[in-house]
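Please view the sequence and the coordinates together before reading on.

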Amino acid sequence: MSSSKLCWPTPNGLPALMPTAVLAVSILLLVISASSVELNLVRLFNAIPRMFDFASNLFVTPDWEYLPTLGANMLQTMEMTFLATSIALVISLPLGVMAAKNASPHPAIFHATRNLLTMMRALPELVWALVFVSAVGLGPLPGIMALSFVTIGFMGKFFAESIEVVDPRQVEGVVAHGASWLQLRTFAHFPQAFPDFVGTVMYILDHNLRAAAILGLVGAGGIGYDLVMAMRMFDYGRLLPIAISIYVVVTLLDRASDKFRRRLI
Amino acid sequence: MAQIDIKNVCKRYPNGFEALKGVSVEIAAGSFTVILGPSGAGKSTLLRTINGLETPTGGTIQISGQVVTQDTLREVRSQVGMVFQHFNLVDRLSVMTNVLTGRLSHRSWLGSLLYLFRREDIDLAHDALIRVGLTDKAWNRADKLSGGQQQRVGIARALAQQPRVILADEPVASLDPVTSEEIMGLLREICTRDGITVVVNLHQVELAKRFADRVIGLNDGLVVYDGPASGLDRATLSKIYNRNGDQVDEQLETMLAYA
């Protein structure tokens with residue numbers, strides 16, 4: 001066996017200073033935050049029997065009569081997801097262009113759009129839903145509004161980031177032949193960023209379905225209201241089918257998006 | 001009137017590097033000009049200032065009497081095609097769509113937002129593909145083609161816009177010798193048959209000698225030779241490729257052996 005000394009690929013063979021410092025600070029922060037949120041292993045260990053207790057409650061016969069209502073509510077949740085994502089997609093595309101450093105018409109617009117997008121995603125869907133419920137009343141409409149709002153914040157940022165990494169040489173090839181500002185976006189930036197766009201939309205659809213599933217919590221439509229009620233009433237006969245249906249829909253969506261993406265790229 | 005009139009053009013980059021130190025060249029319509037010079041001599045910078053991809057820090061450039069400024073850029077570029085070392089095609093678009101981007105300066109914004117082109121535009125693009133012999137690849141994705149084929153698409157894109165001038169920035173630097181020969185032949189033929197003014201940056205002295213009407217030698221941001229390709233003798237090449245006064249005779253032997 002060779003007995004050569006091990007060293008890192010740095011001039012002096014010692015670990016690089018910056019990564020080591022970052023790692024050390026991260027560990028320190030972890031230790032501090034773990035104790036401040038009372039992450040306590042003993043408490044976690046003692047809770048294990050209670051978790052089993054809760055899980056055993058799930059072994060019940062489902063509430064068959066509830067299933068049609070579940071189907072209708074699940075459908076509403078899915079409709080909310082698709083509607084909100086589509087609305088957000090249409091608005092995010094131009095915002096994404098404006099928020100990309102290499103495609104924005106002006107640095108001032110770039111910064112303004114970035115700030116707008118940050119503001120939109122600063123609060124979670126649930127909080128925006130509360131705002132919109134008090135504005136337009138109960139039902140799926142405030143849910144869709146809240147979902148679109150936050151989605152624009154995320155999608156716009158993701159789109160901007162995809163546009164920022166396009167190959168400038170391909171852009172130059174188009175600009176050199178007299179393409180206008182808008183033509184450059186459609187023919188040079190967009191085709192290059194397109195696979196990333198599709199990936200983003202698929203991920204956000206997945207995320208929005210799960211987000212839409214809890215918006216009912218504040219009366220903003222969908223399956224969420226039933227979920228919370230079943231939870232509070234210890235109605236395990238309903239809780240189980242609701243959880244399973246969410247799992248099934250998310251899984252199906254995930255598989256479908258995988259297939260779809262692979263075909264496009 | 002000269003097709004391209006470059007007057008005392010200087011370019012200083014923000015990092016202080018002076019790529020061009022006052023270059024004045026007039027290029028006649030329908031001529032085939034090759035710019036030679038060592039790496040970093042300012043060949044690319046000079047070529048890129050002609051269609052405004054770089055803005056000169058001093059001097060002026062006129063194309064067919066029109067001064068190249070920020071306001072005339074689109075108009076200038078609609079008459080000037082460009083061929084790049086790395087082809088600069090949009091990878092994910094079809095060959096046809098790439099060639100059609102040469103027509104964009106004649107299209108409306110709404111039409112191009114929907115990727116719509118006129119029948120005439122498609123015909124022009126098709127003709128350009130016939131010229132470069134790639135009609136069978138028209139509907140392939142650009143990145144599925146070999147380097148030589150991609151460069152042909154690049155030339156077709158330049159042709160499709162029916163330019164008065166084609167600028168080629170080291171068009172054969174990423175290609176093998178046989179393909180290089182074909183590409184240079186194609187550019188020469190375009191110049192001779194269509195009367196398009198062609199300006200090419202090259203590294204190969206031998207190709208310059210064979211294809212160029214006129215050679216401009218650039219060294220350290222200044223024109224050090226301007227004359228026919230036949231005037232490229234040992235002393236001239238030594239002047240063009242001279243670096244900080246070092247002797248380059250040994251390398252020159254090799255270069256002349258190939259020439």
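**Basis and confidence**

The structure is a predicted model, in which local features need pLDDT of at least 70, side-chain atom pairs count only at pLDDT 80 or more, and totals for chains, interfaces and linings use all residues. Residues are numbered from 1 along each chain as its sequence is written, while chains are lettered from A and ligands numbered from 1 in the order in which they are written. For the complex, the predictor gives an ipTM of 0.88 and a pTM of 0.85. Chain B has a mean pLDDT of 91, and 93% of its residues reach 70 or more; pLDDT is the predictor's confidence in each residue, from 0 to 100.

Chain A is divided into domain 1 (17–49) and domain 2 (65–264), with bounds that come from an automatic or database domain assignment. The C-alpha centres of domain 1 and domain 2 of chain A are 32 Å apart.

**The interface between chains A and B**

Contact here means that the C-beta atoms of two residues, placed from the backbone, lie within 7 Å. By this criterion, 18 residues of chain A are in contact with 24 residues of chain B. On the side of chain A that touches chain B, α8 (168–175) and α9 (181–215) of chain A each supply at least two residues. The largest share of that side, eight residues, comes from α9(A). Its residues divide into eight nonpolar, eight polar and two charged; Ala, Val, Leu, Ile, Met, Phe, Trp, Tyr, Cys and Pro count as nonpolar, Asp, Glu, Lys and Arg as charged, and the others, Gly among them, as polar. Helices (H or I, at least four residues) and strands (E, at least two) are DSSP runs, numbered from the N terminus.

Burial is judged by counting other C-beta atoms, placed from the backbone, within 10 Å of a residue's own: 20 or more make it buried, 12 or fewer exposed, and a count in between partly exposed. His189(A) is found in helix α9 of chain A and counts as buried because it has 23 C-beta neighbours inside 10 Å. Leaving aside neighbours within four places in sequence, His189(A) is in contact with Ala103(A), Ile163(A), Val166(A), Val171(A) and Leu184(A). Between His189(A) and Ala122(A), 67 residues apart in sequence, the C-alpha to C-alpha distance is 28 Å.

Leu184(A) is found in helix α9 of chain A. Leu184(A) has 19 other C-beta atoms within 10 Å and is therefore partly exposed. Beyond four places in sequence, the contacts of Leu184(A) are Val171(A), Val174(A), Val175(A), Ala179(A) and His189(A). The C-alpha atoms of Leu184(A) and Val171(A), 13 residues apart along the chain, are separated by 7.1 Å.

The table lists the spans, from first C-alpha to last, beside the expected values, each being 1.5 Å times one less than the number of residues.

| Helix | Length | Span | Expected span |
|---|---|---|---|
| α6(A) | 12 residues | 16 Å | 16 Å |
| α5(B) | 13 residues | 18 Å | 18 Å |
| α6(B) | 14 residues | 20 Å | 20 Å |

In α6(A), the buried residues are Glu125(A), Trp128(A), Ala129(A), Phe132(A) and Val133(A). They lie on the same side of α6(A) because they cover an arc of only 140 degrees around the axis, the arc being that of the directions from the helix axis to the C-beta atoms. The buried residues of α6(A) pack against α7 (140–164) and α9 of chain A. Just after α6(A), Gly137(A) takes a positive phi of about 90 degrees.

The buried residues of α5(B) are Asp121(B), Leu124(B), Ala125(B), Ala128(B) and Leu129(B). Seen down the axis of α5(B), these fall within an arc of 140 degrees, so they line one face of the helix. On the other side of α5(B), Arg119(B), Glu120(B), Asp123(B) and Ile130(B) are exposed. The buried residues pack against α3 (95–100) and α6 (147–160) of chain B.

α6(B) is mostly covered, with 11 of its 14 residues buried; among them are Gln150(B), Arg152(B), Ile155(B) and Leu159(B). The buried residues of α6(B) pack against β6 (80–83), α3, α5, β7 (165–169) and α7 (177–194) of chain B. Gln162(B) follows α6(B) and has a positive phi, near 50 degrees.
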